[in-house]
Amino acid sequence: MKKNVWLGAGLAFTLMLSPFQQAFAAGTNGERKQVDNVAHRGASGYAPENTLAAFDKAVDMKADYIEIDVQQSKDNELVVIHDTTVDRTTDGTGKVKDLTFEQLRALDAGSFKGEQFKGEKIPSFDEVLDRYHGKIGILIELKAPELYPGIEENVAKELKERHLDRPQNEKIIIQSFNFESMKKTDALLPKVPIGVLTSSKAQATEQSLKAFSAYADYFNPSYGIVTKEMVGQVHSLGMKISSWTVRSQEAADFLLDMDVDAIITDYPDYVDPRK
Ligand code: G3P
Ligand code: CA
């Protein structure tokens, strides 16, 4: 519903432009269209993923968005970490859902990337919202929401408390591999753009894309399954397409050629060398 409103508004706006401006907007004059540069788990090629150091680096590099992974502690605090255990990225062990917020905050989430990052902490979700909203867009991934009953409501509450659930707020997007969770989130936050993540071609059929377009604004596939045809289909259904995860210049160049709307990358400078 909401995406069709945006599509109609976009079409009306385009028709108000001069023919030259319309050609530029459509990317038919040879200029590359604008692509959003999304720093994956922050600028995680350069600093420990999902820490303030990585998010600050993304701001310094003038990325358009940071991508963050949100999970929940044993005592229901929202925290920013990718894996469902703390083993790989901290000096602790155990499942995120079995540790209290205090226990999670006591861990060192920086040293795994280098001694200079020692002391970086697992950020809380509200800390990230407060520190970065208005400075840079925030692409929020609900990571394994099936492990955290009520996480959608908790995320919605934090956004609403900060008035970040408003229609003009294009710089907050929520995505997940869990489609039921995204349907629920769309119902809780109808004005916040929703993305569905997949690396499966079977979930990119015309029928699947049509079903996603009922509640999603973004179809976000891994770059290995992206084709020009897919990009066209996604656009014709009124959705945008953001693809991941760029870790080489070749992958960035491929996605720039595919004309996706956003590129999710560990290295923001591969998408825009000026960054
Ligand atoms: O934003 C897309 C990407 O983050 C999905 O994969 O495993 O890095 O969370 P993952
Ligand atoms: Ca992610």
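Trainee: Which residue meets the side chain of K143 in a salt bridge?

Mentor: Keep in mind that we're looking at a predicted model. A salt bridge needs a side-chain nitrogen of Lys or Arg within 4 Å of a carboxyl oxygen of Asp or Glu. K143 brings the nitrogen here, and the N to O distance is 2.8 Å. The partner that brings the oxygen is E141.

Trainee: Are K143 and E141 buried or exposed?

Mentor: Buried means under 20% relative accessible area. K143 has 12%, and E141 has 4%. Both values fall under that cut-off, so K143 and E141 are both buried.

Trainee: Which residues are joined into one network by salt bridges that share partners?

Mentor: Here you follow the shared partners from one salt bridge to the next. Doing that gives one network of R41, E49, D69, D83 and R88.

Trainee: Let's look at R41 and D69. How many residues apart are they?

Mentor: Their side chains meet in a salt bridge, with N to O at 3.9 Å. R41 sits in the loop between β1 and α3, while D69 belongs to strand β2. That pair links distant parts of the chain, and the separation is 28 residues.

Trainee: What are the relative accessible areas of R41 and D69?

Mentor: Anything under 20% counts as buried. R41 is buried, and so is D69. The value for R41 is 12%, and for D69 it's 0%.

Trainee: How many salt bridges does a search of the whole structure find?

Mentor: We've talked about the one between K143 and E141 and the one between R41 and D69. D130 and R162 also meet in one, at 2.6 Å from N to O. For the whole structure, the search comes to 15.

Trainee: Now the calcium ion (ligand 2). Which residues are its protein donors?

Mentor: The protein donors lie 2.1 to 3.2 Å from the ion. Along the chain the donors follow the spacing E-x1-D-x71-E.

Trainee: How many residues apart in sequence are the parts tied together by E67 and E141?

Mentor: E67 is in strand β2 and E141 is in strand β4, so the pair ties together parts whose separation in sequence is 74 residues.

Trainee: What is the site of the calcium ion (ligand 2) called, given its angles?

Mentor: Ideal angles are 90 or 180 degrees for six octahedral donors. This site has 6 donor atoms, and the angles among them run from 43 to 172°. Six donors count as octahedral if opposite ones are over 155 degrees apart and all others lie between 65 and 115.

Trainee: Last one: how are the rings of F177 and W244 arranged?

Mentor: The whole structure has 6 aromatic pairs. In this one, the ring centres are 5.6 Å apart and the planes are at 90°. F177 is in the loop between β5 and α7 and W244 in strand β8, 67 residues apart. Planes over 60 degrees apart count as edge-to-face, so with planes at 90° this pair is edge-to-face.

Definitions and conventions:
Residues numbered from 1 in each chain as written. Chains lettered and ligands numbered in written order. Predicted model: local features only at pLDDT ≥ 70, side-chain atom pairs only at ≥ 80, totals over all residues. Heavy atoms only, no water. Donors = N, O, S within 2.8 Å, 3.2 Å for Na, K, Ca; no water. Tetrahedral: all angles 85-135°; square planar, octahedral: opposite > 155°, others 65-115°. Helix = DSSP H or I, 4+ residues; strand = E, 2+ residues; numbered from the N terminus. Buried < 20%, exposed > 50% of the residue type's maximum accessible area, 1.4 Å probe, protein only. Phe/Tyr/Trp six-rings, centres within 6.5 Å; stacked < 30°, edge-to-face > 60°.
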